[in-house]
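Please read the following report alongside the sequence and the structure. It treats the strands and helices in turn.

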Amino acid sequence: MYMEALHRAACERTVRALVIGAGEYGLSFIAQSRRTPGLKVSAIHARRIERGVAAFRHAGLMGEAIQVCETLAQVEAALRAGKVVVSSDALMLIRLPIDIVVEATGAPEVAAVHADAALRNGKHVAMVSKEADSVVGPLLHRRAKAAGLVYTPVDGDQPSLLMQLIMWARVLGLEVLCAGKSSEYDFVYDPASKRVTSLDRFVDVPSFDALWDLGDRDARAVVRARAEALAAIPQHTVPDLVEMGLVANAMGLAPDVLAFHAPIVRTPEIADVLIPSQMGGILGGTGRVDIVNSLRRPDEASLAGGVFVVVRCEDRRTWEVLRAKGHVVNRSGDAAMICRPSHLLGVESATTVLAAVLHGRSSGPDDVRPRFDVVGRTTKSLPAGTRLTASGHHHEIEGVQGLLVEARRAEGANPIPLYMMADNQLAREVPAGTVIAADMVERPKGSLLWSLRREMEEAFGLR
């Protein structure tokens with residue numbers, strides 16, 4: 001079907017890509033590109049040159065095959081000689097005869113600069129940096145479409161994979177009650193030690209056996225008890241909000257609560273929990289987005305940060321047949337969970353990159369609108385002058401909790417998107433429990449991200 005046609009097209013033409021960012025994603029994408037028919041990473045941008053060189057070496061390239069360049073003339077000569085290029089000058093590399101820019105820095109301001117430059121230079125954009133996408137993605141999508149280019153989320157990341165799963169369900173006529181993803185790291189329960197572990201955090205819960213199964217109990221009560229018992233382990237993260245915000249903007253779904261429920265559930269329980277309350281679940285309605293913290297034993301398979309939809313079972317007889325085949329159908333038989341239990345980072349991103357260039361197709365839908373913003377609420381008092389640094393693996397801001405709210409103009413007393421405020425300073429003291437407003441943050445000089453945001457607000461009529 002579609003994948004076969006894509007493979008055939010890739011065997012007939014080589015797609016040339018520029019990767020911006022040499023982190024985990026860039027490393028995996030470049031390594032897999034060496035095995036992907038029709039895909040060549042011609043160059044990589046890295047702030048630290050040695051990381052770019054290391055990424056190509058990891059992919060199997062050695063010695064003179066890799067050329068570090070400082071000028072456009074050097075780059076062009078290296079490409080003519082069949083070499084791959086490493087440079088710290090992203091804007092120079094964007095001007096090369098490449099087809100697509102894969103932006104994977106994770107830095108909101110520079111990612112916006114790179115995407116803007118790529119589109120202005122006639123290049124497709126695969127946007128891995130969700131931080132920028134969450135602030136101005138709909139505008140960049142619209143700009144690309146007007147120019148006959150593609151601006152797309154990326155397979156290998158949950159938003160793209162979940163958008164496709166939702167579209168698939170809609171094509172089949174399945175009503176999506178809730179769509180979501182498993183958080184990055186599981187809650188693993190060891191029945192022998194009575195300990196629940198998530199990464200380096202753990203809680204000893206001698207009575208957790210009583211919370212392991214839903215049984216015939218109220219799902220809301222069990223979910224609430226688990227959350228309380230495991231309160232010492234973080235259950236909400238900003239990246240989860242950002243990713244599901246992108247899905248909400250693309251698919252017209254909405255959060256049920258501003259910070260998400262993020263229930264701690266076993267995979268067979270998802271269809272019992274993430275359904276409307278009148279069906280026995282925890283949601284206030286249908287068409288929702290949320291996440292789950294996946295609970296499992298050490299010997300059980302993980303959802304591995306996978307994505308899922310919970311759909312209504314209109315034809316009960318068919319779904320009972322599917323239950324017997326091992327599908328996840330809830331206790332009352334009126335909802336089922338269908339999942340894609342993996343996301344493979346850059347290993348599977350070639351589908352997006354090839355489809356964008358060869359078929360002019362995005363991995364997401366055609367109509368993306370700024371419906372929701374991820375904003376921040378303080379968890380402690382922050383004094384004037386505080387630099388809101390986004391740091392760590394999850395690019396979180398210390399003292400700030402994420403919320404997913406209706407998108408509004410980032411001005412005055414309106415909330416400011418989280419990654420607009422990132423790496424900027426507070427103009428005044430902000431008490432604990434306050435949603436940070438636009439006028440609480442000092443406007444940075446010369447910020448393209450902020451300028452693009454204002455352009456997007458005008459283009460889509462945000463108030």
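Which strands does helix α2 lie across? Helix α2 (residues 24-33) lies across β1 (15-20), β2 and β5 (100-103), running at about 145° to β2.

## Basis of the description

This is a predicted model, in which local features need pLDDT of at least 70 and side-chain atom pairs count only at pLDDT 80 or more, while totals for chains, interfaces and linings use all residues. Residues are numbered from 1 along each chain as its sequence is written, and side-chain values use heavy atoms, with hydrogens and water left out.

Helices (H or I, at least four residues) and strands (E, at least two) are DSSP runs, numbered from the N terminus. Axes are lines fitted to C-alpha atoms, for helices over the stretch in contact, and angles run from 0 to 180 degrees between N-to-C directions.

## The parallel sheet

Seven strands form an open sheet in the order β3-β4-β2-β1-β5-β6-β7, with parallel pairing, where two strands pair if DSSP finds at least two bridges between them. The edge strands, each pairing on one side only, are β3 (66-68) and β7 (151-152).

Within this sheet, β2 (residues 39-45) and β4 (residues 84-87) are joined in the parallel sense over three bridges, and A43 has V85 in β4 as its bridge partner.

## Packing of α6 and α16

Helix α6 (residues 108-120) packs against helix α16 (residues 448-460) at an angle of about 65°, and their axes are 8 Å apart. The two helices α6 and α16 are therefore roughly perpendicular to each other, a term that covers angles of 65 to 115 degrees.

On the α6 side, P108, E109, A112, V113 and D116 meet L448, L449 and L452 of α16, contact meaning heavy atoms within 4.5 Å. By class, the contact of α6 with α16 has six nonpolar, no polar and two charged residues; Ala, Val, Leu, Ile, Met, Phe, Trp, Tyr, Cys and Pro count as nonpolar, Asp, Glu, Lys and Arg as charged, and the others, Gly among them, as polar.

Helix α14 (residues 350-359) is largely enclosed by the rest of the structure, because eight of its ten residues are buried, that is, under 20% relative accessible area with a 1.4 Å probe and protein chains only. After α14 comes G360, whose phi is positive, near 65°.

Strand β8 (residues 176-182) is mostly covered, with seven of its seven residues buried. Five bridges join β8 to β15 (residues 307-312) in an antiparallel arrangement, whereas β8 and β14 (residues 288-296) pair in the parallel sense over five bridges. G180 stands opposite F308 in β15, and its bridge partner in β14 is D290.

Definitions and conventions:
Parallel < 35°, antiparallel > 145°, perpendicular 65-115°, else oblique. Buried < 20%, exposed > 50% of the residue type's maximum accessible area, 1.4 Å probe, protein only.
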